Amino acid sequence: MKKYKVYVYAICKNEEKHVDRWVDSMKEADHIYVLDTGSTDQTVNKLKKRGVTVITKKIEPWRFDVARNESLKLVPEEEAICVCTDLDEIFDKGWRKELEKIWNDSMTRLGYTYHWLLDEKDQPLVSFYIEKIHSRFHYTWTHPVHEVLTYQGNKPEQKIFTDQITLRHYPDHTKSRSSYLPLLELSVKEDPNDDRNMHYLGREYMYYGKWNEAIDTLICHLQLPTATWRDERCASMRFIARCYKNLKRFDEAHLWLSKARKEAPYLRDPYMEEALLYYEEKNWKMVEKYCRLALKIKTHPKTYINEIFSWNETVYDLLSLSCYYQGKYRASLKYIKKAIEINPHDDRLKENQKFIQKLIKTQ
């Protein structure tokens, strides 16, 4: 097995609480390089004490792609494998050994498992492949936010995907995302034909409650000739429906969810969105119908598009409620028990179970 140089590089700002855990995970590499973009806490000192090479540089105006490229410049210009991570992420142990088993001289990039969201037991709720392990040369970061590695080599890019390397994300929820919206607007202005960031911008408008801006932007995403990934197209349709729901325009919301189901009938998400929409309308028969259709889909694709509510206790909670309001109390009890099995810490679910049990006893 050939021995490769492996270098980790990252950007950071005020991450002192993550330093030791991150370095413990990344120290399987030959060296670690960090571009600090203006920390005011002990991040830099802690990193240096752990043997990390740290350079401080403020990026003004702020762009994630510029910062990533500056951090990549810290890595020696030699044949090597570069591993880009953030300080709130850690690899499962043994990642370096697995990387060396997989990598070969013809490869330029590796995709691996990313647990973007974990539950309290460290079990993944949202997982997908990311591709931030790459060869030292012919790559640059592009886009002001939601930055991506862009290959610039003359020969075809050579990618391999593996399930043997896993990166886990432990986000700091105290950090602000306020810069994302203006940076996404800038990204779309710079490249209006980039379908990925058009989708992200529409989603961000939705997060901010800018319903009409979100609808217009997501429709623009769907009209782009490069917007061909059905999962993401389905998500744009679902988000449009969500916006119409918030505008109390339920007929249009149902129309877009119908489009979403046709676009990606293999995903649970549009069925669950439909069930949630009918829940708003208190149409219990239709809530039950779409929950049952959702449960027929057993495959959970490894993609960031997946909604948590499609795979947690929500489907059984909705089934319990819909059965209760239709007078099917024993079925309601069965489903609330299933919901509690998935989420045993929800007091509302437990109270619902007690209420239904008492109701059945009085019959």
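Author: Happy to. Let us start with a brief stop at Asn69, which sits in helix α3, residues 64–72. Please keep in mind that this is a predicted model. Is Asn69 buried or exposed? Its relative accessibility is 19%, and buried means under 20%, so Asn69 counts as buried. Leaving aside residues up to four places away in sequence, Asn69 touches Thr140 and Trp141.

Now to the part I would like to show you closely: helix α8 and its partners. Helix α8 covers residues 230–246, and helix α9 covers residues 250–263. Their axes lie 8 Å apart, and the two helices pack at an angle of about 170 degrees. Angles over 145 degrees count as roughly antiparallel, and α8 and α9 are therefore roughly antiparallel to each other.

Which residues make this contact? From α8 come Arg230, Arg233, Cys234, Met237, Arg238, Ile240, Ala241, Tyr244 and Lys245. In α9 they meet Phe250, Glu252, Ala253, Trp256, Leu257, Lys259, Ala260, Lys262 and Glu263. Sorted by class, the contact of α8 with α9 has ten nonpolar residues and eight charged ones, with no polar residues.

Helix α8 has another partner, helix α10. The axes of α8 and α10 come within 10 Å and cross at roughly 5 degrees. With angles under 35 degrees counting as roughly parallel, α8 and α10 are therefore roughly parallel to each other. On the α8 side, Cys234, Arg238, Arg242 and Lys245 take part. They meet Asp269, Pro270, Glu273, Leu276, Leu277 and Glu280 in α10. By class, the contact of α8 with α10 divides into six charged and four nonpolar residues, and no polar ones.

Next comes the empty space. Rolling a probe the size of a water molecule over the atoms shows where such space is left. How many cavities of 30 Å³ or more does the structure hold? There is one, and the largest cavity has a volume of about 40 Å³. Its lining is made up of Arg238, Ala241, Arg242, Lys245, Ala253, Leu257, Glu273 and Leu277. Helix α8 gives the most, with four residues. By class, the lining of the largest cavity has four nonpolar and four charged residues, and no polar ones.

Methods. Residues numbered from 1 in each chain as written. Predicted model: local features only at pLDDT ≥ 70, side-chain atom pairs only at ≥ 80, totals over all residues. Heavy atoms only, no water. Axes fitted to C-alpha atoms, helices over the stretch in contact; angles between N-to-C directions. Parallel < 35°, antiparallel > 145°, perpendicular 65-115°, else oblique. Contact = heavy atoms within 4.5 Å. Nonpolar A, V, L, I, M, F, W, Y, C, P; charged D, E, K, R; others polar. 1 Å grid on protein atoms, 1.4 Å probe; cavity = no way out; pocket = protein on both sides within 12 Å on 5 of 7 lines; lining within 4 Å. Points joined across faces, edges and corners; volume = space filled by probe spheres on them. Buried < 20%, exposed > 50% of the residue type's maximum accessible area, 1.4 Å probe, protein only.
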